[in-house]
Amino acid sequence: QIGTIDSYVPHVVGGVKWTQGWGAITGVIAYDSNYEEVAGKVRLDVTVNDALSLFIMGGYGTDDNLDDPTYAIPAGGRGMYKIWGGNWAVWGGGTYKFNEKTSFNVQASYDDWSNLGIAANVAYDIVPGFTITAEVDYVHAPEFDNPDPTRNYNWTNADDEDSIGGMLRFQRSF
């Protein structure tokens with residue numbers, strides 16, 4: 001049946017990273033053997049100073065078989081390694097450290113299907129190894145109610161094209 005494992009070819013993921021004092025350049029490429037699709041990302045990290053770091057990342061992936069409704073499990077255009085809508089996506093953001101315990105993080109993303117996501121949080125280290133993070137998230141998915149069965153436009157199960165959410169996370173690291 002189309003879309004089921006019919007060989008011993010595994011999923012394959014490979015990447016490289018080059019790090020310097022100013023930041024890093026990272027690239028990764030992946031092959032999804034179930035849908036025979038390829039996806040890749042390139043990321044640039046820049047350390048502006050001790051308090052501010054920024055990043056930008058671009059991704060591209062094929063989706064011919066991810067849009068095919070005849071597969072055993074139709075993927076709706078999103079795959080294991082290409083989770084964004086359409087062929088391309090971009091991300092950007094950064095971190096500002098107010099002091100050694102408190103930092104502000106922000107990230108924005110946009111993809112080929114015009115989905116926009118924004119996340120912002122404040123992380124506070126109560127004691128070494130214990131962090132509390134308060135976050136607010138926004139997503140704009142303009143085609144979430146599109147009935148096209150080959151595309152998973154509403155991957156969040158939202159009931160409106162504009163959604164806001166948040167979280168309060170308690171993390172203990174050992």
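Begin by selecting Arg 151 and Asp 67, which form a salt bridge whose closest N and O atoms are 3.4 Å apart; the term stands for a side-chain nitrogen of Lys or Arg within 4 Å of a carboxyl oxygen of Asp or Glu. Arg 151 lies in the loop between β8 (130–140) and β9, and Asp 67 in the loop between β4 and β5, so this pair ties together parts that are 84 residues apart in sequence. Arg 151 is partly exposed, with a relative accessible area of 27%, whereas Asp 67 is buried at 15%; here buried means under 20% relative accessible area, exposed over 50% and partly exposed in between, with a 1.4 Å probe and protein chains only.

What you are viewing is a predicted model, in which local features need pLDDT of at least 70 and side-chain atom pairs count only at pLDDT 80 or more, while totals for chains, interfaces and linings use all residues. Residues are numbered from 1 along each chain as its sequence is written, and side-chain values use heavy atoms, with hydrogens and water left out.

Asp 45 has its place in strand β3 (residues 37–47), a strand being a DSSP run of E with at least two residues, numbered from the N terminus. Arg 43 counts as partly exposed, at 29% relative accessibility. Leaving aside neighbours within four places in sequence, Asp 45 is in contact with Trp 22, Gly 23, Ala 24, Leu 54 and Phe 55, where contact means heavy atoms within 4.5 Å.

Phe 55 leads on to the next selection: together with Ala 39, Met 57, Trp 84, Ala 89 and Trp 91, Phe 55 makes up the largest nonpolar core, six residues in all. Such a core is a set of buried Ala, Val, Leu, Ile, Met, Phe, Trp, Tyr and Cys residues joined through side-chain atoms within 4.5 Å. Strands β4 (52–61) and β5 (88–97) each supply at least two residues of this core.

To look at one pairing, select β6 (residues 102–111) and β7 (residues 116–127), which are joined by nine bridges; Gln 107 has Ala 119 in β7 as its bridge partner.

Terms used:
Pairing = 2+ DSSP bridges. Helix = DSSP H or I, 4+ residues; strand = E, 2+ residues; numbered from the N terminus.
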